[in-house]
Every structure is written in C-alpha cells, then in structure tokens.
Amino acid sequence: SRIPWYWISVSNKTSKPFEEEAKSLSVPVLYLYGTESDFKKSILEPNLRFFRTYLPQIRIVGLEGGIHDLEFQKPQETTDLIMEFFV
C-alpha cells in the first residue's frame, strides 16, 4: 500500500483547483458518503456545501454508519444505489 499512498501525496501537491470547471457539469452525478467519515470537516462538509450551492441536481446519499470504503463496509447498499442510479 506504500505506492498508492505515495502517488496520493504527490497528487495532493500537484493538483489544481477544479471548482470552476465542476460548476458546469451537466451529467448525472451520484455522491455517496459515509455518515461516520473521518473526513467530515476537511472534505465532506465543503463538498456538500459546494454541491448544494453550484450543482443542486447531484444526487447525494449518506450511508448511516459508513466511513470511507463504502463498497467494502456496505456493499449491498452501495451496489443497490449505483444500480438504481444507472437505470
């Protein structure tokens, strides 16, 4: 797991803001998050504010008790939501 974490740290240093481009999204988006995420303050809450302000058409779903890897923690709920979204 050291290699992925290395590339994540590099991308955090080299990534550019994309907020202006994101405001023009016109495709359907499903945003899933765990209600018990350790990233609530740093990532989740700012993302939710941004989506509600600029992209109100995004479908936002919080999975109770989930943290980060929802596909492992809540596989059936996650799969059901994704399948429903694509239908």
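# A tour by selection

Start with E84: at 48% relative accessibility, E84 counts as partly exposed. The model on your screen is predicted.

**Stop 1: from E84 to R59**

R59 and E84 form a salt bridge, with their closest N and O atoms 3.0 Å apart. R59 lies in strand β2 and E84 in helix α5 (residues 75–86), so the pair ties together parts that are 25 residues apart in sequence. Is R59 buried, partly exposed or exposed? Its relative accessible area is 31%, so R59 is partly exposed.

**Stop 2: the whole chain**

Zoom out and show the cartoon. Count the elements: there are five helices and two strands in the protein chain. Trace them from the N terminus, and the order reads α-α-β-α-β-α-α. Along the principal axes, the C-alpha atoms fill a box of roughly 35 × 35 × 25 Å.

Switch to a surface view. The accessible surface of the protein chain comes to about 7000 Å². Carbon and sulfur atoms hold 59% of that area. How many of the 87 residues, in percent, count as buried? The share is 23%.

Contacts come next. Take those in the chain with a separation of 6 or more: 64% of them join residues 24 or more positions apart.

**Stop 3: helix α3**

Select residues 40–54. This is helix α3, with 15 residues. At 1.5 Å a residue, α3 should span 21 Å, and its end C-alpha atoms are 19 Å apart, which agrees.

Color L44, L48, F50 and F51. These residues of α3 are buried. Look down the axis of α3: the buried residues fall within an arc of 165 degrees, so they line one face of the helix. What do they pack against? Show α2 (19–22), β1 (30–34) and β2 (59–63), the elements that the buried residues of α3 pack against.

**Stop 4: a pair within α3**

Compare their accessibility. K41 has a relative accessible area of 67%, so K41 is exposed. E45, at 29%, is partly exposed.

**Stop 5: another salt bridge**

Select E77 and K74. Here is a salt bridge whose closest N and O atoms are 3.8 Å apart. E77 is partly exposed, with a relative accessible area of 39%. How many salt bridges does a search of the whole structure find? It finds four.

**Stop 6: a nonpolar patch**

Move to helix α1 (residues 2–14), where Y6 lies. W7 has its place in helix α1 too. Select I3, Y6 and W7, and show their surface. Together they make a nonpolar surface patch of about 390 Å². Y6 has 46% relative accessibility, so Y6 counts as partly exposed. W7 is exposed, with a relative accessible area of 52%. The cut-off explains the two labels: exposed means over 50%.

**Last stop: across the model**

How values were computed
Residues are numbered from 1 along each chain as its sequence is written. This is a predicted model: local features need pLDDT of at least 70, side-chain atom pairs count only at pLDDT 80 or more; totals for chains, interfaces and linings use all residues. Side-chain values use heavy atoms; hydrogens and water are left out. Helices (H or I, at least four residues) and strands (E, at least two) are DSSP runs, numbered from the N terminus. The expected span of a helix is 1.5 Å times one less than its number of residues. Buried means under 20% relative accessible area, exposed over 50%, partly exposed in between (1.4 Å probe, protein chains only). The arc is that of the directions from the helix axis to the C-beta atoms. Contact means heavy atoms within 4.5 Å. Patches are made of residues with over 30% relative accessible area and no salt bridge: like charges are joined within 9 Å, nonpolar side chains (Val, Leu, Ile, Met, Phe, Trp, Tyr) within 5 Å. Accessible areas come from the Shrake-Rupley method with a 1.4 Å probe; for residues, only the protein chains shown count as cover. A salt bridge is a side-chain nitrogen of Lys or Arg within 4 Å of a carboxyl oxygen of Asp or Glu.
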